[in-house]
Amino acid sequence: EEPPFASTCCGASSRMRLVAVVLISCVQVSFAWNSGVTAFYRPLPTISRGRISEIRPVLPLTSARHLGKLSCSMAESVEAATAPNKQKRNKLLAKPVGIGCAAPSAIISNKDMEDIVDTSDEWIVTRTGIGSRHILDGSETLRDLQVRAGKQALEDSGVAPEEIDLVLVATSSPEDMFGDAPYVAAAVGAKHAFAFDLTAACSGFLFGIVTAGQYLSSGGYRNALVIGADALSRWVDWDDRNSCVLFGDGAGAMVLSAVDDPEQAGLLGFQMHSDGSGYQCLKLPYAGKTQEVGPKHKTLKGSYDPISMTGKDVYKFATREVPRVLEEALANADVKAEDVDWLLLHQANIRIMEVVAQRFGIPMDKVLRNLDKYGNTSAASIPLALAEAIQSGKVKKGDIIATAGFGAGLSWGATVMRWG
């Protein structure tokens, strides 16, 4: 039913009133899309006697095409504005320009593990591909590794520390629960940077470079230092042979710089996901113990249980979701699998790497890996492997690298980058 417009309402004709309703509808459509809604039935104020007096429902978005006779171009604009925006996961106006890494000096080999738990070198290598792992033994800290990796990346990039605008540390095992990034920023000399930690477990570094890329693409920042670092040797149960053989400690860092020309962009496409319903598969849960606080109150004293992992479920998750997210990132980057120079996955298990490489027809000699030397270093694994490949001359400027991280959360993601 037509709303009861008054003929004296600002002298408006019926055509003007109709345009007003359509314009309000478009505002509602735009608001709904920006709120993440793709179809809705929303109250809309209509105009009567010069004021808002009625609440009426808006048509679903699919009805925009029925505006034809009123304004075909307006209908097309509505639908275009509400379509998923692929560009937001396409090129970011940033590129990687420097890389660095650091690992503890203490090493536990598989032979050493035979003296710790009931296992063998053959059992570990066959099932995981791991031959040894570096661990922090008290002679150095995780922050020491972060600073070393960060300084190395800065030196490699040629960017002065005082030119860094953002320092982002991806870690799930910081030295300080309040965060390591501000300390690291000061230690590397990035005195003008703002700094914060990001926690996404083994996906942390990948999520970190995408986050930094967004800041750089905004135009307000020019250079960022992203560090992935973890010390999960502190959080494993050294009596559990299924988990203690997997994890090591380390840090990797990358300097990213903003670019003005999209053709110079180095972050070509990305995709990220998480699914909290699967968190039980891999977790490091809070386990506070009750303590008395005065005569009337109780609270929990901070503590955590060791890492708990259901290996079979994590393997199924990784071999199912990693190929999918790589396909999404490649599509967003408009890059075909055959154009990828290197595949770089989170260094968790050689079997996962083999499955993913086979899915894309990528030979194993094009898969970057150092899992055999370091084990699973969580957020450090991707930059640590990439740093060694670049420093050895294997990866060269201009190479296309498809990389994917996955792990606790559950979380997973992928980026396609051009080095240098």
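A polar contact is a pair of N or O atoms within 3.5 Å; within protein, one must be able to donate a hydrogen and the other to accept it, and residues adjacent in sequence count only if both atoms are side-chain atoms. This is a predicted model, in which local features need pLDDT of at least 70, side-chain atom pairs count only at pLDDT 80 or more, and totals for chains, interfaces and linings use all residues. Residues are numbered from 1 along each chain as its sequence is written, and side-chain values use heavy atoms, with hydrogens and water left out.

Begin with the whole chain. Its secondary structure comprises twelve helices and 18 strands, taken as DSSP runs numbered from the N terminus (helices: H or I, at least four residues; strands: E, at least two). Of the 420 residues, 49% are buried, that is, under 20% relative accessible area (1.4 Å probe, protein chains only).

Next, select D180, in the loop between β6 (166-170) and α6 (181-188). D180 has 0% relative accessibility and therefore counts as buried. Display the side chain of R143 as well: a polar contact of 3.0 Å links it to the side chain of D180. Leaving out residues up to four places away in sequence, D180 is in contact (heavy atoms within 4.5 Å) with R143, Q146, P174, E175 and D197.

Then move to H346, in the loop between β15 (342-345) and α10 (350-360). H346 is buried, its relative accessible area being 2%. Its side chain forms a polar contact of 2.7 Å with that of S381. Beyond four places in sequence, the residues that H346 touches include C202, M353, N376 and F406. Finally, select T377, whose C-alpha atom is 8.8 Å from that of H346, although 31 residues separate the two along the chain.

Notes
Buried means under 20% relative accessible area, exposed over 50%, partly exposed in between (1.4 Å probe, protein chains only).
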